[in-house]
Structure formats: C-alpha cells, structure tokens
Amino acid sequence: MFDMHTYAQGGSYPEGAAYWNYGAGFMMMAVCGLESAFGNSGGIAEHPGFLESGRFILHSVAPSGLVFNFSDCSEHLGSFPALLWYAKRSGELPMLWDEKRFHSAKNNYSQLYSLLPMLPLFASDIDFKKITKPAEKFLFCEKKNPVFMARTGWDDKNAAFIGVKGGAARIPHGHMDAGSFIFEIGGVRWAADLGTQEYGRLEKKGVDLFNMKQDSQRWKLMCYSNLSHSTITINGGQHRVGGFAKITEVYGEDARLGAKVDMAETLGPDVESALREVVLLDGKRLVVTDKIKSAGAGGEIRWNMCAAVDALPEILPGGEGILLKNSGKILRVSAKGGGALRPFVRAAVPENDAEASLPNRFS
C-alpha cells in the first residue's frame, strides 16, 4: 500500500516520474470517483503534498524533454496526462509548462496506453495560452528517496540541468544509484542513467528480480548495480541496500546550483565518512567533489559517470581526461585527486544473457 505521507516530502514520488504517472494518475481517478459519489475524497485531495506533487513532475522534465530518471524509470516518458488535473485543481498552471511544449509539437502518444483518455477529459477546459513560465529553478524533495533538480532556465532547450539522487536501494523499484547525477547542457544529456530493462525478459531468464536483499541477483544486473551508475564504488563492492544517502545541503543561487550527499551508510564499513557534492557553477561547469575517509588502510575508489554519446569516448594522452561527443558537440571530463588516476571506458554491454545491450551508453 502506498504511503500518502510520501507526498509531504516536497511532493516527490520515490519510484520516479514514470510511477508518478501511473500511481498518481489512478489516485486522481479515485479522488474524482469518491467526490462524485460521496461529495468528498475522504481527505485524500487535501493531504499535504498531494496536489503539489505535480511540481515534482514539472522539475523532472529536463530542457531536452528527457526525464531525470532514477530507479525503474526510463528517460523517455513524454506526456503526463494526470498533471492536467493536478494543475487545475491546485491552481498552479505553470505545472503544465512542459505539457504545453509537448502538446504543441507533433509527438507520439502511443506510450500513454490506459492514461490517454485523461487528455481530452482534463485538457478541454484549460486555456493553454494562460500557462506561464515557472518562477522557481530548483526543487528539493527530501526524506524517503531524496532528489534535487535544478536548471538555468525554462524557455531554452540549451539550458543547463542537473539532477542529484540520494536515498537507498531497498525501496520499491530501487537501484543502487545513491549519489548519482544527471547533467545536461547545450541540448545534450551528457551524464545519463541506464534506466531499466523489461521485467518479463529478466524473469523469463530466471532472475529473482524483486528480491531486495543484499545478495539478490537484482544487484548483479548491469542496470541495477552501482557499477553502472554515476556514483562511487569502494574496492569493487556493492552499495549497502539499507544504507541511506541523505542530501544534507542544497545550493539554490544562480551561480551555484547543487546538492551535497552523505554516502557513508551507502558505501558501508570500508569508509569512515563519504561526502559527495554535485554543483553547477555559473550555469556552465559541473563540478563533482568527493571527500572520502577510509576506515582502514585505504583502497580503490571507482568514480563512475554513465555517458550518453554518439561516438566512442576518447581517453586523452597521459590520462588527463576523457572527451565525450554527441550531436556535434564535445564535453571534456577531467579528474584530479590524491592518488593515481586510471581513466577507462566501458560500453553498456551486460555480462549476462538476461539483459539487453544499450547502444551509445558508456561508463
């Protein structure tokens, strides 16, 4: 049973935007049915954060039109039909800023399936010309599965965008993605998330997919493992499924947008402390700073970034960095630290026959 108190945490949905579209959509239908039959929703519509959860979706859609995806969520989602009802009911039409953009273009609605009838039902009495640009540029949702999202503008597809993920793996549909981040600039998603795989395909291959224990097969899959997310790995080990990565600080100034994540519980007994800071500086440069104190005699730190590119990433001479190329544009990734650095590039090709390969994805 879904906990309504989750909505009070900034209106977020712990399983990501795709599951908001599904769960909040049917929750909205339940509210409409209850109010039609009994004159009220029994307090559902008035629950703290419920109506405001549309703001979570608003901020989840990046300038490229792709979604800040985490857990079992794809970056390609398109329209959010239920958002029309939430925006109208709450009186916050700016929630529909990206819906307006989506419906103004020629888009494919086939992915909406059972949610498609909501569109004409709730769009018919909304004047899309009155939908104004949102005022706030960032959103922080805390507690159960904390996320931070920020952008440099709403009406520019080339605007910079970051999404930072905290939380824990052992939540419904969770991944070992604590500490991971999404980054867009210049109309390109550079730091990405692999998303998920078809449940049916995995289960046909005998994968015990929804076993959330530490030794589950789930965490050995490419798309679910911390080794394939833009996060930190210590000594090649798995993240702790019950370890919670709290977002301890957020930065909301135009010159400094980002968040700090405490990853000590997630990384487990190998570390005494672990803080990750993901910050967009002056709307142009992403800086990820990791401060890790070992609990023992040191070890190996794997710093990973899942990249979306259309050409093989190029390791620069002397290991000074990696060049990423996409849509005719180039991003340089460089690193510095106290120990020896060894850059590497790995294609998103699974080491099993249950998962499908993901083209143009590298880490």
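Leaving aside neighbours within four places in sequence, which residues is Phe50 in contact with? In this predicted model, Phe50 is in contact with Met4, Tyr7, Met27, Val31, Ile44, Ala45, Trp85 and Tyr86.

## Nonpolar cores

Phe50 belongs to the largest nonpolar core, which has 46 residues. The residues with the most contacts inside this core are Trp20, Phe50, Phe56, Phe80, Trp85 and Tyr86. Two or more residues each come from α1, α2, α3 (82-90), α5 (118-123), β1 (138-141) and β2 (147-151). Helix α1 gives the most, with 7 residues.

A second, separate core has 33 residues. Ala160, Ala178, Ile234 and Val271 are among them.

Helix α1 covers residues 17-38 and holds Tyr22. Tyr22 is exposed, because its relative accessible area is 51%, and the cut-off for exposed is over 50%. Together with Phe26 and Met29, Tyr22 forms a nonpolar patch on the surface, with about 290 Å² of accessible area in total.

His47 lies in the loop between α1 and α2 (54-60). Its relative accessible area is 19%, so His47 counts as buried; the limit for buried is under 20%. Not counting residues up to four places away in sequence, His47 touches Met4 and His5.

## Strands and their pairing

Strands of a sheet pair through backbone hydrogen bonds, in either a parallel or an antiparallel sense. Strand β7 (residues 246-253) and strand β8 (residues 256-262) pair in the antiparallel sense over 7 bridges. A hairpin of 2 residues joins β7 to β8. Val250 stands opposite Ala259, which is in β8.

Another group of 3 strands forms an open sheet in the order β13-β14-β15, with antiparallel pairing. Its edge strands are β13 (314-315) and β15 (329-333), and each of these pairs on one side only. Strand β14 (residues 322-326) pairs with β15 over 5 bridges. Lys325 has Ile330 in β15 as its bridge partner.

## Lys329

Lys329 is also found in strand β15. With a relative accessible area of 35%, Lys329 is partly exposed. Leaving aside neighbours within four places in sequence, Lys329 is in contact with Asn158, Gly186, Gly187, Val188, Trp190 and Leu324. Lys329 and Gly187 are 142 residues apart along the chain, yet their C-alpha atoms are separated by 9.6 Å.

## Salt bridges

The count of salt bridges comes to 17. One of them joins Arg89 and Glu35, whose closest N and O atoms are 2.6 Å apart. This pair links distant parts of the chain, since Arg89 is in helix α3 and Glu35 is in helix α1, 54 residues apart. Arg89 is partly exposed at 35% relative accessible area, and Glu35 is partly exposed at 24%.

Glu136 and Arg55 form another salt bridge, with the closest N and O atoms 3.5 Å apart. Glu136 is in the loop between α5 and β1, while Arg55 is in helix α2, 81 residues apart. Glu136 is partly exposed at 27% relative accessibility, as is Arg55 at 22%.

The side chains of Arg276 and Asp290 also meet in a salt bridge, at 2.7 Å from N to O. Arg276 is in strand β9 (residues 271-281) and Asp290 is in strand β10 (residues 285-294). Arg276 is buried, at 0% relative accessibility, whereas Asp290 is partly exposed, at 23%. Elsewhere, Glu75, Glu184, Arg189 and Arg361 are linked in a network of salt bridges.

Note on methods. Residues are numbered from 1 along each chain as its sequence is written. This is a predicted model: local features need pLDDT of at least 70, side-chain atom pairs count only at pLDDT 80 or more; totals for chains, interfaces and linings use all residues. Side-chain values use heavy atoms; hydrogens and water are left out. Patches are made of residues with over 30% relative accessible area and no salt bridge: like charges are joined within 9 Å, nonpolar side chains (Val, Leu, Ile, Met, Phe, Trp, Tyr) within 5 Å. Accessible areas come from the Shrake-Rupley method with a 1.4 Å probe; for residues, only the protein chains shown count as cover. A salt bridge is a side-chain nitrogen of Lys or Arg within 4 Å of a carboxyl oxygen of Asp or Glu. Helices (H or I, at least four residues) and strands (E, at least two) are DSSP runs, numbered from the N terminus. Buried means under 20% relative accessible area, exposed over 50%, partly exposed in between (1.4 Å probe, protein chains only). Contact means heavy atoms within 4.5 Å. Two strands pair if DSSP finds at least two bridges between them. A nonpolar core is a set of buried Ala, Val, Leu, Ile, Met, Phe, Trp, Tyr and Cys residues joined through side-chain atoms within 4.5 Å.
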